[in-house]
Amino acid sequence: MSATQRRRINPLSHGSKSDDSGILNERILLLVFESIKWDLQVLCLAASVNHKLRAIAKRLLWQKLCVYRAPRMVAALANGAPNGRIGGGWDALAQLMFFCCGCESTRHFMLNQPSPGHFARASRFSKTSGRSFLTKKCRGDLLFISDPCEHPMGDKEDDLGIYRGVFRGFMRSKTRACLIRRQVAFDDRVRCPYCGTRVWSMTTARLIPKSAAKRLGSREGRLEYFVCVNGHLHGACWLVPLSSDEVCDDEEE
């Protein structure tokens, strides 16, 4: 039997029907992930199977995951966005929501050793915290910031806090306009860990307000963060250790 005859006998090996059957059927995929409550690691595995599933995840599934896990935050970020698009894509937003990117030494923030990234089991993003990261001239922007993820660095060092965030409509934001107006150059060593684009150092731009350190539980001058062209923020700080008196007070409460 020739190859041409085999293709005629088995029409599902190529063509639109095979793309719409079984696990590649979008309606079936949605039902499956709804039944497992949008399990993040299962979605990561599914998206790595082949390029077709990866494309479906990028176009549809990552967005559904974000909406399921953080409906109010996603609604606020998508409000006013053309066609509901998010800067950097939904896959990048999903990574930002569920993955702590770790930290390496930068020009303004030095570490004795890098701290690796990891999946974050639970993260709380707050626009109230985000206001603490905006200078007075940029307070009209909407920024969601996570609580710092605590990374112990040894008995002789303070704990490292790693945090991340995202702007709504960053292309139209006052923060971006301020960076452009001041002609702040992109950092030549750091890229966004979520979408891979270039970033501005907010330390270099002198756009880190004192309130950011207070919100994080750090001290002024002991933090650094970056913002990429898509509005993703990532940074690190040294966390102020609790005194023995503060520990005792917490236990009494």
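Leaving out neighbours within four places in sequence, leucine 223 contacts Phe109, Tyr163, Thr203, Ile208, Ala212, Ala213, Leu216, Ala236 and Cys237. The model is predicted.

**Leucine 223**
- Leucine 223 is part of strand β8, which spans residues 223–228.
- The relative accessible area of leucine 223 is 8%, and because buried means under 20%, leucine 223 counts as buried.

**Helix α6**
- Helix α6 runs over residues 71–78, and Met73, Val74, Ala76 and Leu77 in this helix are buried.
- These residues lie on the same side of α6, because the arc they cover around the axis is only 160 degrees.

**Aspartate 141**
- Aspartate 141 sits in the loop that joins α8 (127–131) and β4.
- Aspartate 141 is buried but has no salt bridge.
- Lysine 174 has the nearest side chain of opposite charge, at 6.2 Å from aspartate 141; a salt bridge requires the charged atoms to be within 4 Å.
- A polar contact of 2.7 Å links the side chains of aspartate 141 and threonine 175.
- Not counting residues up to four places away in sequence, aspartate 141 touches Leu134, Phe167, Ser173, Lys174 and Thr175.

How values were computed: Residues numbered from 1 in each chain as written. Predicted model: local features only at pLDDT ≥ 70, side-chain atom pairs only at ≥ 80, totals over all residues. Heavy atoms only, no water. Buried < 20%, exposed > 50% of the residue type's maximum accessible area, 1.4 Å probe, protein only. Helix = DSSP H or I, 4+ residues; strand = E, 2+ residues; numbered from the N terminus. Arc of directions from axis to C-beta. Contact = heavy atoms within 4.5 Å. Lys, Arg positive; Asp, Glu negative; His and termini not counted. Polar contact = N/O pair within 3.5 Å; in protein donor to acceptor, adjacent residues only side chain to side chain.
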